[in-house]
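Subject: Structure handover

Hello,

Here is the structure for you to look through. My notes follow below it.

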Amino acid sequence: MTRSPFPDAPRPSRLNALRGTLIVSVQADDGSPLRDVTHIVALSRAALLGGAAGLRLRSGEDIRAVRAVTDVPVIGLTKRAQPGSPVYITATPGEVQEVARAGADIVAFDGTDLPRPFPVADLVRAAHGAGALAMADISTLGEARAAYAAGADIVGTTMSGYTPHSPQQPGPDFALMRALHAAGLPFIAEGRLNTPALAAQALATGALAVVVGSAITRPDHVTRWFAAALRPDPAQAARAGETS
Ligand SMILES: CC(=O)N[C@H](C=O)[C@@H](O)[C@H](O)[C@H](O)COP(=O)(O)O
């Protein structure tokens, strides 16, 4: 039914439509009972009902199905293992085209320094050739600079904590956000923004927009956080065992 709200606008103004907003990532993991397109559409509609201004979706099938029920901006990606490379987010020009043709306004792809099948510039070219914006998911300031030099329209902090050369931490990488802002590089904040306060903090560091996924659309993850919080501290449990 509907198409992108900004198919013909120049690229910077298309991104402006997302300024200051919440984008909800609706991606069920492989093996999740929610990994079914009807559930993805229902979760997306619930997110829109709650005030999401954009969606981040995985796979052409999901994008096509959600595009049929909404015209909000969509960031699209694929997640596929690549032979001989740890990169899995939209790693080839063919995957970029697949996502753009399904109706994504912005194509997100791995923009890290990990060994990769295609250079970032090839993915940018494929996105632009298909009429979409190019979003590089990065894990460091250096990767962001390289992605912009390769023509990316925007970078996301998505991959911080998921490359061996970025900080491994349980919370969001606010240091990276501050560094991007200080360098004058526009960015979308993404990754472990698991509470409204953290999302607001990310926006306050200068993010163009904020992507939240697991805390909204992965109830299995959220349940695990609660279950872990209720589990007794093993050391304390052992001490209690000695005295009883
Ligand atoms: C590292 C990676 O593959 N991130 C993926 C990228 O699309 C998704 O699995 C995340 O859910 C998304 O980035 C949002 O992050 P969080 O779920 O932490 O709010």
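Start with helix 5, whose buried residues pack against helix 4 (93–101), strand 4 (106–110), strand 5 (133–137) and helix 6 (141–149). Please keep in mind that this is a predicted model.

Helix 5 runs over residues 120–129. Its buried residues are V120, L123, V124, A126 and A127. Seen down the helix axis, they fall within an arc of 165°, so they line one face of helix 5. Just after the helix comes G131, with a positive phi of about 85°.

Now the core. The largest nonpolar core has 66 residues. V107, M135 and V210 have the most contacts inside it. Helix 5 gives the largest share of this core, five residues. As background, nonpolar side chains tend to be buried together in soluble globular proteins.

Strand 4 is next. Five of its five residues are buried, so strand 4 is largely enclosed by the rest of the structure. It pairs with strand 3 in the parallel sense, over two bridges. There, G76 stands opposite V107 in strand 4. Leaving aside residues up to four places away in sequence, V107 touches G76, T90, V96, V99, A100, A127, A132, A134 and M135.

You will find T90 in the loop between strand 3 (74–77) and helix 4. Is T90 buried or exposed? T90 is buried, because 29 other C-beta atoms lie within 10 Å, and the cut-off for buried is 20 or more. Beyond residues up to four places away in sequence, its contacts are L77, T78, E95, V96, V99, V107, A108, F109, D110 and L123. L57 is 33 residues from T90 along the chain, and their C-alpha atoms are separated by 12 Å.

Next, the ligand. Which residues are closest to the ligand? They are S25, Y162, R192, G213 and S214, out of 14 residues that surround the ligand. By class, this shell has six nonpolar, six polar and two charged residues.

R192 is also of interest for its backbone. It has a positive phi of about 60°, although it is not a glycine. Most residues other than glycine have a negative phi. R192 sits in the loop between strand 7 (187–190) and helix 8 (196–204). With 18 other C-beta atoms within 10 Å, R192 is partly exposed.

S59 is another non-glycine residue with a positive phi, of about 90°. S59 lies in the loop between strand 2 (54–58) and helix 3 (60–67). What is the burial class of S59? S59 counts as buried, because it has 21 C-beta neighbours inside 10 Å.

Last, G161. This residue belongs to the loop between strand 6 (154–156) and helix 7 (174–182). G161 is partly exposed, with 18 other C-beta atoms within 10 Å. Setting aside residues up to four places away in sequence, G161 touches S166, P167, Q168, Q169, D173 and G191. G161 and S139 are 22 residues apart in sequence, yet 7.1 Å apart in space, C-alpha to C-alpha.

Best wishes

Methods
Residues are numbered from 1 along each chain as its sequence is written. This is a predicted model: local features need pLDDT of at least 70, side-chain atom pairs count only at pLDDT 80 or more; totals for chains, interfaces and linings use all residues. A residue is buried if 20 or more other C-beta atoms lie within 10 Å of its own, exposed if 12 or fewer, and partly exposed in between; C-beta atoms are placed from the backbone. Helices (H or I, at least four residues) and strands (E, at least two) are DSSP runs, numbered from the N terminus. The arc is that of the directions from the helix axis to the C-beta atoms. Two residues are in contact if their C-beta atoms, placed from the backbone, lie within 7 Å. A residue is near a molecule or strand if its C-beta atom, placed from the backbone, lies within 6 Å of it. Ala, Val, Leu, Ile, Met, Phe, Trp, Tyr, Cys and Pro count as nonpolar, Asp, Glu, Lys and Arg as charged, and the others, Gly among them, as polar. A nonpolar core is a set of buried Ala, Val, Leu, Ile, Met, Phe, Trp, Tyr and Cys residues joined through C-beta atoms within 7 Å. Two strands pair if DSSP finds at least two bridges between them.
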